[in-house]
Amino acid sequence: MFRNNYDADNTVFSPQGRLLQVEYALEAVKQGSAAVGLRSKTHAILLALKRTTGELASYQQKMYRIDDHVGIAIAGLTSDARVLSNFMRQQAMSSRMVFNRPAPVNRLVSAIADKAQVNTQEYGRRPYGVGLLVIGEDQTGPHLFEFAPSGTSYEYVAMSIGARSQSARTYLEKHYESFMDCTLEELIQHGLHALRETLQQDKDLTTKNTSIGIIGAKSTHETGAANPPFRILEGDVIQPFLDTMVPKEDAPAAPAAPVASDQDVQMAE
């Protein structure tokens, strides 16, 4: 009833104990196109659905390389994602220069969570309007983390964010028990099936609108070193993975969740 009296600033609690500006930032994440993350004992992968503003525009970048062992996928305000990714790169570079070692993945995620939390507490700031899926590898193996604008972060076996992400999570929850023992090819197939659940009925995954990020040993469809660093696969190189997908008529479908928009939130020029 009195919602508008308490959402003008992020330092004011509503009578229900809610920070409405933070909740609005979480809604911005739900407007971005979907991203899915999965991990096994040997690999961690990201899959993202790229959007374009029109026929004449290029597809939006959805993944960023942070270091040889860390990469992220985004959903929400791309401009905010660039700021956070640059901050993570600075932290990763600082760790290599000061300690002569790669930055631990959980420490990088904690650093951006701490940075985001400040914006939920200090007057005159706004929360970041972007969510991240972070994959990385250290001495204990591959990891997958989710970062939210509220300043919270959690580690997952599998997770999805963005528009219609609940449909992808439904698929992941049905199959997550098999992920730990999957090969890279099987893991990517599960990820593509989950990402497909976020599409509209008349849309399909193609080499143009799909990005795949991988940490771990290379697949049979890749060339180069046996243990390459984090890499992003786009274009024709992902066609062999798309060809392994089971047709949707033969695969169990998850109910689609309603969403206001398919497009990533764009800052006004």
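A charge sits over a ring if NZ of Lys or CZ of Arg is within 6 Å of the ring centre and within 35 degrees of the ring normal. Start by selecting Lys115 and Phe87: Lys115 lies over the face of Phe87, at 4.8 Å from the ring centre. Then pick Arg101, whose charged end is over the ring of Phe99, 5.6 Å from the centre of that ring.

Before you go on, some ground rules. This is a predicted model, in which local features need pLDDT of at least 70 and side-chain atom pairs count only at pLDDT 80 or more, while totals for chains, interfaces and linings use all residues. Residues are numbered from 1 along each chain as its sequence is written, and side-chain values use heavy atoms, with hydrogens and water left out.

**Stop 1: the sheet S3 to S7**

Helices (H or I, at least four residues) and strands (E, at least two) are DSSP runs, numbered from the N terminus. Two strands pair if DSSP finds at least two bridges between them. Select S3 to S7 and you have an open, antiparallel sheet of five strands in the order S3-S4-S5-S6-S7. At its edges are S3 (63-67) and S7, each pairing on one side only. Neighbouring strands here are turned by 25° against each other on average, direction ignored. (Axes are lines fitted to C-alpha atoms, for helices over the stretch in contact, and angles run from 0 to 180 degrees between N-to-C directions.) Zoom in on S5 and S6, which pair in the antiparallel sense over seven bridges; Gly136 stands opposite His143 in S6.

**Stop 2**

Is Asp80 buried or exposed? It is buried, with a relative accessible area of 6%; buried means under 20%, exposed over 50%, and partly exposed in between (1.4 Å probe, protein chains only). Contact means heavy atoms within 4.5 Å. Leaving aside neighbours within four places in sequence, Asp80 is in contact with Arg126, Pro127, Tyr128, Gly129 and Val130.

Next comes H3 (residues 105-118), with 14 residues. Its expected span is 1.5 Å times one less than the number of residues. That should give 20 Å, and the end C-alpha atoms are 21 Å apart, which agrees. Among the buried residues of H3 are Val105, Leu108 and Ile112. The buried residues of this helix pack against S4, H2, S5, S6 and S7. Val118, also in H3, is partly exposed at 29%.

**Stop 3**

S1 (residues 35-39) and S2 (residues 44-49) pair over five bridges, and Leu38 has Ile45 in S2 as its bridge partner.
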